[in-house]
Amino acid sequence: MSLIEIQVPDIGDFDEVAVIELLVKPGDAVKAEQSLITVESDKASMEIPSSAAGIVKEIKVKIGDKVKQGSVVLMLEAAGAASAAAAPAPAAPVLEQKQPLAGIEYAPSAMNSVVSSIEVKVPDIGDFKDVAVIEVFVKPGDTIKVEQSLITVESDKAAMEIPSSAAGVLKELKVKVGDKINIGDLLAVLEGAASASAPIATSAPVSEQKQPVVGVNTAQSAPVSVAPAASSTTAHNPTVAPSGALPHASPSVRKFARELGVPLEEVKGSGHKGRITEADIQGFTKAVMSGAVATKAIAAKAPAGGDGAGGNANAGAALGLIPWPKIDFTKFGPIERKEMSRIKKISGQKPDAQRHHIPAVTNHDDADITDLEAFRVATNKENEKLGVKVTMLAFLIKACVAALKKFPEFNSSLDGDALIYKQYFHIGFAADTPNGLVVPVIKDADKKGILQISTEMGELAKKARDGKLTPAEMSGACFTISSLGGIGGRYFTPIINAPEVAILGVCKSQMEPVWDGAAFQPRLMLPLSLTWDHRVIDGAAAARFNSYLGQILGDFRRILL
């Protein structure tokens with residue numbers, strides 16, 4: 001008889017993952033590769049298998065503990081290979097274990113290492129279909145790391161890089177520039193070596209697995225969903241809330257739900273033991289948007305009875321709105337129907353939903369930018385050889401950073417009954433493109449000078465026009481500026497880009513006569529329109545913010561104070 005230490009194998013680029021479930025107890029007989037515990041990172045949950053067979057003598061971890069590669073999970077008592085092979089089948093507790101997840105295949109032998117072929121497939125990249133490959137970053141023979149970008153794909157909304165879900169040497173690349181790909185398509189085949197007791201990453205679909213396997217999802221995508229056993233729950237219905245006190249979901253799924261405003265307790269999970277996946281969140285959101293189901297919050301606001309209209313009209317009725325009229329325009333004359341671009345659809349839906357939730361107010365003011373414009377023109381002449389053109393928007397970004405520092409509630413976001421005050425200053429700016437409005441983000445604008453901001457704005461604006469902005473380049477903004485200076489107009493009411501709490505709109509500057517106390521002087525005036533969330537900001541604070549912003553633009557030396 002001997003005691004065997006069962007340790008956590010190499011589970012990829014994870015450190016200090018939490019134990020969320022114990023699948024065995026002392027006295028249980030376990031087989032090699034049988035799942036012992038479930039751990040969870042911010043990307044996925046995974047089951048840790050046993051590298052040997054025997055009887056569980058002692059469990060070294062408990063729920064809530066943090067483990068990493070090499071941590072001892074439990075002690076097994078084994079009488080040798082013969083007795084281990086003859087060990088009885090696991091008792092009743094094993095029947096309650098999680099079903100193995102797809103995506104990991106374990107080496108059957110006890111050899112030091114094996115060489116295997118690893119299939120890398122397209123992960124869940126959102127609601128995209130037939131996206132085009134526009135760049136290939138690797139070639140056969142290259143050594144690939146986990147999360148290394150392999151290709152770039154482009155939809156009608158943005159360009160994004162597809163990472164590798166495993167490490168190894170690239171044996172074969174299955175796509176080329178111009179190909180159209182979808183979720184689950186084979187991208188590449190890698191050759192990799194792994195310990196016999198460690199998992200070898202694969203990406204075979206659940207339906208193709210013949211042996212019980214355990215799954216790890218290392219790509220930046222939704223956790224792998226697993227069909228429950230036939231004797232378990234019925235098919236997923238996003239309109240039926242799960243039983244139990246707390247929804248079963250990973251941190252990344254919880255964050256995804258918060259960003260969409262989805263109440264997790266009303267979502268039915270399709271994963272094992274009711275675990276909620278990103279696909280469940282997306283399905284629930286589509287059901288709400290189509291009017292097939294209303295959340296409890298929306299249902300509480302809905303008028304009694306309803307109008308009996310179907311489709312999107314139901315969603316409008318749930319908000320207490322009259323149904324959208326359906327009209328046959330051909331009765332009045334010839335028409336041409338054109339589908340809106342994806343960007344226009346999304347950029348229209350989001351503000352429409354936000355304006356029903358945010359009590360928005362707009363303050364209008366004017367800033368004297370006569371001296372600042374003269375300085376801008378002089379700066380462009382001095383830096384003409386550098387090829388950097390400074391726009392008024394670059395000065396506006398720096399001025400807004402200064403105002404956000406002085407009035408930190410404008411750099412916050414609501415989280416339930418709490419306010420999240422951000423210690424970073426990422427400024428979004430609305431960019432007009434042939435396909436619609438997008439908002440690139442200047443990250444850490446407080447740490448950059450006017451010339452650097454101007455250069456970065458030019459690069460982001462070009463990528464926006466070319467449709468090559470990545471999701472990362474359009475996320476994380478604390479405050480947004482929408483400028484119509486190049487078009488015209490006087491004032492307007494910009495719509496807040498939640499979860500931000502304010503947005504600044506600016507129009508074309510004009511020369512106006514301004515009284516200086518003795519006479520009227522010609523001054524260049526810039527119209528400012530500040531929209532703010534009345535749940536976070538009051539009118540006095542908004543007036544002070546606009547006034548302070550105007551003072552900085554009138555004398556940019558104030559930014560140094």
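This is a predicted model: local features need pLDDT of at least 70, side-chain atom pairs count only at pLDDT 80 or more; totals for chains, interfaces and linings use all residues.

Trainee: What makes I335 count as exposed?

Mentor: Its relative accessibility is 53%, and exposed means over 50%. I335 is therefore exposed.

Trainee: Which residues form a nonpolar patch on the surface?

Mentor: I335 is one of them, together with I327, F329 and F332. As a group they have about 460 Å² of accessible area.

Trainee: Turning inward, how much of the chain counts as buried?

Mentor: Of its 561 residues, 42% do. The largest nonpolar core has 52 residues, and those touching the most other members are F410, F479, L504, L530, I537, F545 and L553. Elements that give two or more residues to this core include α9 (392–406), β29 (520–533) and α11 (539–554). The most comes from α9, with 12 residues.

Trainee: What is L553 in contact with, leaving aside its neighbours within four places in sequence?

Mentor: Its partners are A367, D368, I369, L372, L396, A399, L526 and L528.

Trainee: How do you know that the span of α10 is close to what is expected?

Mentor: α10 has 16 residues, and the distance from its first C-alpha to its last is 22 Å.

Trainee: Which residues of α10 are buried, and what covers them?

Mentor: Buried here means under 20% relative accessible area, and I450, I453, S454, E456, M457, L460, A461 and A464 of α10 are buried. Their cover includes α9, β22 (427–429), β23 (431–433), β24 (436–438) and β25. An α-helix has 3.6 residues a turn, so residues three or four places apart point the same way.

Trainee: What is phi of D444, and where is D444 placed?

Mentor: D444 sits in the loop between β25 (441–442) and α10, and its phi is near 50°, a positive value in a residue other than glycine. Most residues other than glycine have a negative phi. E33, in the loop between β3 (29–30) and β4 (35–40), also has a positive phi, near 75°. Just after α10, G467 takes a positive phi of about 70°.

Trainee: Why are E33 and D444 called partly exposed?

Mentor: Partly exposed lies between the 20% limit for buried and the 50% limit for exposed. E33 is at 29% relative accessibility, so it counts as partly exposed. D444, at 27%, therefore counts as partly exposed too.

Trainee: What makes P471 partly exposed?

Mentor: P471, in the loop between α10 and β26 (479–483), has 43% relative accessibility, so it counts as partly exposed. Its C-alpha is separated by 9.7 Å from that of E161, although the two residues are 310 residues apart along the chain.

Trainee: Which peptide bond is cis, with omega near 15°?

Mentor: That is the bond from A498 to P499. P499 is found in the loop between β26 and β27 (502–506). Most peptide bonds are trans.

Definitions and conventions:
Residues are numbered from 1 along each chain as its sequence is written. Side-chain values use heavy atoms; hydrogens and water are left out. Buried means under 20% relative accessible area, exposed over 50%, partly exposed in between (1.4 Å probe, protein chains only). Patches are made of residues with over 30% relative accessible area and no salt bridge: like charges are joined within 9 Å, nonpolar side chains (Val, Leu, Ile, Met, Phe, Trp, Tyr) within 5 Å. Accessible areas come from the Shrake-Rupley method with a 1.4 Å probe; for residues, only the protein chains shown count as cover. A salt bridge is a side-chain nitrogen of Lys or Arg within 4 Å of a carboxyl oxygen of Asp or Glu. A nonpolar core is a set of buried Ala, Val, Leu, Ile, Met, Phe, Trp, Tyr and Cys residues joined through side-chain atoms within 4.5 Å. Helices (H or I, at least four residues) and strands (E, at least two) are DSSP runs, numbered from the N terminus. Contact means heavy atoms within 4.5 Å. The expected span of a helix is 1.5 Å times one less than its number of residues.
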